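Colleague: Hi! Could you walk me through this one? I'm still new to reading structures.

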Amino acid sequence: MEKANNDMIVDENTRCWYVLYTAPRLERKLMQHLNTAGYKTYCPMQTIYVSCKGKTKEVIVPFFSGCVFLEGNVQEAVAVVASQKAAFLIDTDGKEISVVTDKANLPGKFAQLLK
């Protein structure tokens, strides 16, 4: 266990993830560019089934369309994110939306924020 800045005890696997927004269907491209630049990214995926011309096709799509999670320093990543025509999601106070959790719980924690 390690101690977080807000005097809360958190698991050492817990990280601060920032939410990025890009155009839908460009999530993988954004992740690839950020990973190449040395950042850790995550985009939870889900399998959906689409019917087309009488055939059912299995398609893997992001759980949150247009959203990618970025772990790391926001100030360092701003230029890279902007160069990819993406942006940090912000709250009503103008602060970047962050989710402090481990990677496994990230989709659920973000879904709670959306409520």
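This is a predicted model: local features need pLDDT of at least 70, side-chain atom pairs count only at pLDDT 80 or more; totals for chains, interfaces and linings use all residues.

Colleague: Let's start with helix 2. Which of its residues are buried?

Modeller: In helix 2, which covers residues 74-83, the buried ones are Val74, Ala77, Val80 and Val81. Viewed down the helix axis, they fall within an arc of 120°, so they line one face of the helix.

Colleague: Why would residues spaced like that point the same way?

Modeller: An α-helix has 3.6 residues a turn, so residues three or four places apart point the same way.

Colleague: Nice. And which residues are exposed on the other side of helix 2?

Modeller: Gln75, Glu76 and Ala79 are exposed there.

Colleague: What covers the buried residues?

Modeller: The cover includes strand 3, helix 1, strand 7 and strand 8.

Colleague: What caps the N-terminal end of helix 2?

Modeller: That's Asn73, with a side-chain oxygen 2.8 Å from the backbone nitrogen of Gln75. After the helix comes Lys85, which has a positive phi, near 55°.

Colleague: Now the largest nonpolar core: how many residues has it?

Modeller: It has 15, and Leu20, Leu34, Leu70, Val81 and Phe88 have the most contacts inside it. Helix 2 gives the most to this core, with four residues. Another core, of nine residues, lies apart from it and includes Trp17 and Tyr42.

Colleague: Switching topic, where is Val100?

Modeller: Val100 sits in strand 9, residues 98-101. Beyond its neighbours within four places in sequence, Val100 is in contact with Thr14, Arg15 and Cys16.

Technical notes. Residues are numbered from 1 along each chain as its sequence is written. Side-chain values use heavy atoms; hydrogens and water are left out. Helices (H or I, at least four residues) and strands (E, at least two) are DSSP runs, numbered from the N terminus. Contact means heavy atoms within 4.5 Å. Buried means under 20% relative accessible area, exposed over 50%, partly exposed in between (1.4 Å probe, protein chains only). The arc is that of the directions from the helix axis to the C-beta atoms. A polar contact is a pair of N or O atoms within 3.5 Å; within protein, one must be able to donate a hydrogen and the other to accept it, and residues adjacent in sequence count only if both atoms are side-chain atoms. A nonpolar core is a set of buried Ala, Val, Leu, Ile, Met, Phe, Trp, Tyr and Cys residues joined through side-chain atoms within 4.5 Å.
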